[in-house]
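Here's a quick tour of a protein chain, written for someone new to reading structures. Have a look at the sequence and the 3D view, then work through the points below.

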Amino acid sequence: MHMYAQNFYGGNGIVGAQVPVGAGVALANQYLGLDGICMSFYGDGAANQGQIFEAYNMAKLWNLPAVFVCENNGYGMGTSVDRASASINYYTRGDYVPGIWVDGMDVLSVKEATRFCQEYCAKHGPLVLEIATYRYSGHSMSDPGTSYRSDYLLPLLRTLVCHVSLLPLLQTLVCHVSLLPLLRTLVCHVSLLPFL
């Protein structure tokens, strides 16, 4: 959050304040004739901040090469998104800015969505990208993450991380047929077995 480097402008202590800065970086890219895009990351807890909607508006007015990335892990600090937001479909909140939802637990989906955003924004302007993921631990060192989740939820979610979309890739990576039975035994979720 507080790291800065060349072409990486970090964040700051104000929730969501990096999003308008990102719109400014996208404006600079456009003004200088650079072909880069700016991706501004914020969490679902910051998604209700007014400056985010102001950044959407400016980015669309000027068709800036900006991607507004909402990392939706289900909790803003310790508050469930259902209790904090009237609309939890964050990718639709851009109204006049198109949005995309992507499964953040599937690295290949995130890679493909990012590639699409880069191609789209360079020609057509801003996008909102919601990356749905899950936070297995608390928000910070002072938050163990146990007071606002049920005891059975976390272990259950840890067992469901193997995605069907990765299984064809796993099959192509297994070059020796004798390894397939071993791979089948490693898949603990019964509904995934027919895909192997």
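**A buried spot to start from**

Val69 counts as buried, with 0% relative accessibility; buried means under 20% relative accessible area, exposed means over 50%, and partly exposed is in between (1.4 Å probe, protein chains only). Keep in mind that this is a predicted model, where local features need pLDDT of at least 70, side-chain atom pairs count only at pLDDT 80 or more, and totals for chains, interfaces and linings use all residues. Residues are numbered from 1 along each chain as its sequence is written, and side-chain values use heavy atoms, with hydrogens and water left out.

**Around Val69**

- You'll find Val69 in strand β2; helices (H or I, at least four residues) and strands (E, at least two) are DSSP runs, numbered from the N terminus.
- Setting aside residues up to four places away in sequence, Val69 touches Met39, Ser40, Phe41, Tyr42, Leu129 and Ile131, where contact means heavy atoms within 4.5 Å.
- Val69 and Gly43 sit 26 residues apart in sequence, and their C-alpha atoms are 8.2 Å apart in space.

**Around Asn73**

- Asn73 is in the loop between β2 (66-72) and β3 (75-76).
- Asn73 is buried too, because its relative accessible area is 17%.

**Two helices side by side**

- Helix α1 (residues 18-31) and helix α2 (residues 50-61) have axes that come within 8 Å and cross at roughly 15 degrees; axes are lines fitted to C-alpha atoms, for helices over the stretch in contact, and angles run from 0 to 180 degrees between N-to-C directions.
- So α1 and α2 are roughly parallel to each other (angles under 35 degrees count as roughly parallel, over 145 as roughly antiparallel, 65 to 115 as roughly perpendicular and the rest as oblique).

**The whole chain**

- The protein chain has seven helices and six strands, in the order α-β-α-β-β-β-α-β-α-β-α-α-α along the sequence.
- Of the 196 residues in the protein chain, 34% are buried.
- Among contacts in the protein chain with a separation of 6 or more, 65% come from residues 24 or more positions apart.
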